[in-house]
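Dear colleague,

I am handing over the structure that I promised you, together with some notes on what was found in it. Please have the sequence and the coordinates open while you read.

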Amino acid sequence: MARRGAAKPPRIVASEPGTLSWWAAKHLEWMRTRNYSEHTTTHRMSMLGLFNAWCETRSISRPEEVTKPILESYQRHLFYLKRADGRALTFKSQTARLAQVRALFRWLTRSNVLPSNPASDLDMPRLEKRLPKSVLTESEVERVLAQPKISDVLGLRDRAMLEVLYSTGMRRTELSELRLESIDVERGTVMIRQGKGKKDRVVPIGERACAWVEKYLNDARPLLLVPPDPRVLFLSQLGAAFAPGHLTALVRQYVSAADLGKTGSCHLFRHAMATLMLEGGADIRHIQEVLGHASVATTEIYTQVSIRRLQAVHASTHPGAKLKPRVDGAGD
């Protein structure tokens, strides 16, 4: 019977030198000394903890004991693994776990700990190219933006945050880490520090979003502030920076309250911004820069979501695209 997924991944604890967990801890230390982001390091630690726990139940304790058949066995284990709610892991989740294990063994081989890499020829799952589940239209975005009660301190803050998400397409973590000096209202720009991949970027922000941020700074933030000032732009009810999970729950509530028949959270605004800009005539390379995508291939998914131009071509070229008026008596 398939083992159910643990609520919290086991942590890597350095044990006896030479063991799999000991080398995993060394690898994580190496990542930190090479300036990998804390998010990347923490994610790899969680995934390696799961792999190490699986190995321990099979009395596999040292990296040289891991062979390609063992890794294939772990891959089958992930395929049949069930989450706590009974759902199977998606192929994307399976690949995420396997990729971190492959990274460990690649490092072990390059560090001359192992003579060869047992994971080098591991066939990874084929990933589906899926479109976003929900993409908001312009009118739907406006309905969500209208949900916060702006007469309330928290509602005013939330409206400003939603406006920034919509105008800039930034990620939720980037929003939570914005500093007071990040937004330049006069120039209409936002400096996003240490985004994904630890890359800085400057993105445009619209006048309306700037106006809401200014109103929040004047009327709401001083009431939320608990000294000493953490200098983050948006403050929680406790006067501290937002946790990303808190932002997700907050935005999801507003999307639900808008009663659109669609679900989602912060990323909905990222999708909406990119799609609506494409439909408005923006070049995909410009959208790539705003979103902070390393490859334009990632941005190209929005060309499949935005079909307004394709609809116009279809309407003007397909002989059956338009309903022709019926001649009286035709077909009698």
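What follows goes from the whole chain to single helices, and then to ring pairs and salt bridges.

First, the basis of the notes: this is a predicted model, in which local features need pLDDT of at least 70 and side-chain atom pairs count only at pLDDT 80 or more, whereas totals for chains, interfaces and linings use all residues. Residues are numbered from 1 along each chain as its sequence is written, and side-chain values use heavy atoms, with hydrogens and water left out.

**The chain as a whole**

The secondary structure comes to 15 helices and three strands, where helices (H or I, at least four residues) and strands (E, at least two) are DSSP runs numbered from the N terminus. Of the 332 residues, 41% count as buried; here buried means under 20% relative accessible area, exposed means over 50%, and partly exposed lies in between, with a 1.4 Å probe and protein chains only. The chain exposes about 19400 Å², of which carbon and sulfur atoms supply 52%, with areas from the Shrake-Rupley method (1.4 Å probe; for residues, only the protein chains shown count as cover). Among contacts with a separation of 6 or more, 60% are between residues 24 or more positions apart, a contact being heavy atoms within 4.5 Å.

At its start, a side-chain oxygen of aspartate 152 comes to within 2.9 Å of the backbone nitrogen of leucine 154, and just after H6, glycine 169 takes a positive phi of about 70°.

Helix H11 has 14 residues and reaches 21 Å from its first C-alpha to its last, close to the expected 20 Å. H11 is mostly covered, with ten of its 14 residues buried, among them Phe269, Arg270, His271 and Met273. Just after H11, glycine 281 has a positive phi of about 105°.

In helix H4 (residues 91-110) we find threonine 95, which is buried with a relative accessible area of 14%. Not counting residues up to four places away in sequence, threonine 95 touches Met124, Pro125 and Leu127.

**Aromatic pairs**

A search of the whole structure finds eleven aromatic pairs; rings of Phe, Tyr and Trp (its six-membered ring) pair if their centres lie within 6.5 Å, and planes under 30 degrees apart count as stacked, over 60 as edge-to-face and the rest as tilted. In one of the pairs, the rings of phenylalanine 51 and tryptophan 54 have their centres 6.3 Å apart and their planes at 20°, so the pair is stacked. Both residues lie in helix H2 (residues 38-56), three residues apart, or about one turn of the helix, and both are buried. Elsewhere, Trp22, Trp23, Trp30, Tyr36 and Trp107 form one aromatic cluster.

**Salt bridges**

The search also finds 13 salt bridges, each defined as a side-chain nitrogen of Lys or Arg within 4 Å of a carboxyl oxygen of Asp or Glu. In one of them, the side chains of lysine 262 and glutamate 140 meet at 2.8 Å, N to O. Lysine 262 lies in the loop between helix H10 (244-257) and helix H11 (266-279), and glutamate 140 lies in helix H5 (residues 138-145), so the pair ties together parts that are 122 residues apart in sequence. Lysine 262 is partly exposed at 24% relative accessible area, whereas glutamate 140 is buried at 14%.

Within H6, arginine 159 forms a salt bridge with glutamate 163, with the closest N and O atoms 2.9 Å apart; the two are four residues apart, about one helical turn, and both are buried. Another bridge joins lysine 215 and aspartate 219 at 3.1 Å, N to O, and both of these residues lie in helix H8 (residues 207-219), four residues apart. Lysine 215 counts as partly exposed at 36% relative accessibility, and so does aspartate 219 at 37%. Finally, salt bridges that share partners join Glu142, Arg159, Glu163 and Arg208 into one network.

With best regards

How values were computed. A polar contact is a pair of N or O atoms within 3.5 Å; within protein, one must be able to donate a hydrogen and the other to accept it, and residues adjacent in sequence count only if both atoms are side-chain atoms. The expected span of a helix is 1.5 Å times one less than its number of residues.
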